[in-house]
Amino acid sequence: MVYLLISLLAIAAVVYLIYKKVHAAAAIFFVGVFLLMLAALTGRAEFRTTDIDPTGSALYDQLLVVDALFKERFSGIGMAIMVLFGFVSYMRHIGADAKTVVALSSPLRRFKGSYWLVPVGYLIGNLLSLVIPSAASLSLLLVATLLPALIAAGLTPLTVAAIVVTSSTIIPTPLEAGLIQGADLTGMTVTEFAYGAVAWATVPTLIITAFVHMWWQRHCDISDAKRNLEEHAGEVGEDGMSDSERAVRDSIERAQGLPGYYALLPLMPLVLIILSAILKRLDVLPFEAGILPVTVVSLMLAMIIEAIRHKDLNGAIDSGKSFFRGMGDGAAGVVALLVAAAVLIEGITQMGVIDMLIDAAKGSQGAAIIIVLVFVAATAAMAALTGSGTAPYFAFSEVVPSLASETSIHAPQMLTAIWGTSNLVRQVSPVNAAVLIVSGAIKVNPIRLVKRTSVPMLTAMVLNTVFAFLFIG
């Protein structure tokens with residue numbers, strides 16, 4: 001029981017540090033290493049999840065565990081995530097990501113305003129997150145495209161702001177870091193995990209949430225109008241734009257000068273990986289393409305297109321430096337969280353917490369459900385406090401396979417539940433980057449915007465968790 005209390009205090013320390021704006025990966029890593037050292041000092045060091053050659057020194061062996069976790073994460077799933085980040089960075093460099101946003105959002109300008117635009121705009125925003133995985137980046141681009149288009153169509157700024165903020169949530173895609181890791185943890189291919197498991201819960205959740213959005217935004221607009229609290233929030237500065245909006249506007253203008261087919265370039269990895277999966281099932285191909293190979297092929301094709309368009313091979317190749325900068329961003333961001341979370345979970349495991357949970361859940365479906373709900377609640381709490389959808393999921397996901405192997409818990413169900421919770425509840429946090437970006441763009445207090453996102457996102461969290469256990473076999 002003492003070790004359980006220590007582990008709970010460690011998790012509380014991680015939440016506190018992140019809440020105090022300590023770097024998430026650094027906080028998780030520090031606490032994880034502390035737990036490993038404590039396990040060594042108390043004679044609890046076990047090496048069930050890592051393959052090391054013990055030296056006889058428990059403290060040094062724990063450092064070898066950390067070394068093994070670094071190598072494992074960076075050489076496998078970590079490398080795939082880094083390459084994806086590099087590709088996204090290159091698409092941003094050539095303006096193709098903005099071109100995709102413009103192409104997909106422009107039809108909305110033809111609508112002449114009703115609340116039916118809310119589910120339409122919400123679903124289109126979620127489709128855009130297929131090619132722009134960063135919630136903050138997607139929000140910036142939608143502020144310059146979808147937001148003015150929907151406001152021009154007659155929706156209020158706060159309603160459109162809520163749509164923009166909640167556009168990056170639980171769309172199932174084999175390019176998403178959390179789903180890549182989930183597939184790795186369950187031994188499935190990414191497309192099998194994303195579309196054979198996760199999609200069964202998230203797709204109906206998104207559809208229902210779109211209409212909850214419509215009802216809630218209309219309700220809030222009526223309430224605001226009755227209390228005379230609706231503000232002309234978009235009127236800022238001499239040209240009506242903040243510095244960040246002006247920068248985004250300039251990038252969109254550059255993108256609009258690109259050929260129309262550039263809108264297809266960010267979609268290439270997604271199309272190729274889905275196409276290879278279909279051809280594999282039709283016995284046309286003997287394999288299903290991995291994320292790293294299709295991303296490299298997509299990058300090469302994009303660079304060739306750039307070279308032909310500009311008639312400058314050297315310049316096109318040189319622009320590839322943005323790809324490697326993006327890889328560095330991925331390593332410092334998501335992959336760092338992967339490593340840090342693995343270290344933390346290893347420390348918690350050596351403290352015996354996982355064994356306690358397994359013993360509690362063995363042979364009891366009811367106990368297993370309680371454990372899942374506890375994990376969902378813990379994930380929601382961390383996401384709401386930190387505004388991060390990545391850190392809470394990676395902090396809890398790695399423990400799922402060991403729980404599933406010894407209990408009646410089905411790993412894809414639990415992973416879908418905590419992944420969805422993490423990505424949905426972050427949009428209810430006033431410190432979330434997307435919330436801050438969009439509230440700043442329309443000049444309202446983030447709390448007012450969080451009010452607009454709270455009901456749709458919390459409803460979606462409940463629906464996603466329920467559907468994960470109803471529809472994922």
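Modeller: A helix here is a DSSP run of H or I, at least four residues long, numbered from the N terminus. S89 is found in such a run, helix α4 (residues 77-94). Keep in mind that this is a predicted model.

Biologist: Why is S89 called buried?

Modeller: Its relative accessible area is 11%. Buried means under 20%, so S89 qualifies.

Biologist: Which residues is S89 in contact with, leaving aside its neighbours within four places in sequence?

Modeller: S322 and G326. Contact requires heavy atoms within 4.5 Å.

Biologist: Turn to α6. How do you know that its length agrees with its residue count?

Modeller: Helix α6 covers residues 117-128, which is 12 residues. At 1.5 Å a residue, counting one less than the number of residues, the span should be 16 Å. The end C-alpha atoms of α6 are 16 Å apart, so the two agree.

Biologist: Now the charged pairs. How many salt bridges does the structure hold?

Modeller: Six. One of them joins R448 and D224.

Biologist: What makes R448 and D224 a salt bridge?

Modeller: Their closest N and O atoms are 3.8 Å apart. The cut-off is a Lys or Arg side-chain nitrogen within 4 Å of an Asp or Glu carboxyl oxygen. The pair passes, and R448 with D224 counts as a salt bridge. It links distant parts of the chain: R448 sits in helix α23 (residues 446-471), D224 in helix α11 (residues 190-226), 224 residues apart.

Biologist: Are these two partners buried or exposed, or in between?

Modeller: R448 has a relative accessible area of 23%, so it is partly exposed. D224 is at 5%, so it is buried.

Biologist: Which other arginine meets D224 in a salt bridge?

Modeller: R452, at 3.0 Å from N to O. R452 lies in helix α23 and D224 in helix α11, so this pair ties together parts 228 residues apart in sequence. Both R452 and D224 are buried.

Biologist: Which residues are linked in a network of salt bridges?

Modeller: D221, D224, R448 and R452.

Biologist: And D318 with K321: what makes that pair a salt bridge?

Modeller: The distance is 3.4 Å, N to O. The limit is 4 Å, and the pair counts. D318 has 45% relative accessibility, so it is partly exposed. K321 is at 40%, so it is partly exposed. That class runs between 20% and 50%.

Biologist: Last topic, cavities. How many are there of 30 Å³ or more?

Modeller: One. The largest cavity has a volume of about 30 Å³.

Biologist: Which residues line the largest cavity?

Modeller: I11, V14, L344, I345, I348, M382, A395 and F396. The elements giving two or more residues are α1 (2-19), α16 (321-350) and α19 (390-397). The largest share, three residues, comes from α16.

Notes
Residues numbered from 1 in each chain as written. Predicted model: local features only at pLDDT ≥ 70, side-chain atom pairs only at ≥ 80, totals over all residues. Heavy atoms only, no water. 1 Å grid on protein atoms, 1.4 Å probe; cavity = no way out; pocket = protein on both sides within 12 Å on 5 of 7 lines; lining within 4 Å. Points joined across faces, edges and corners; volume = space filled by probe spheres on them. Buried < 20%, exposed > 50% of the residue type's maximum accessible area, 1.4 Å probe, protein only.
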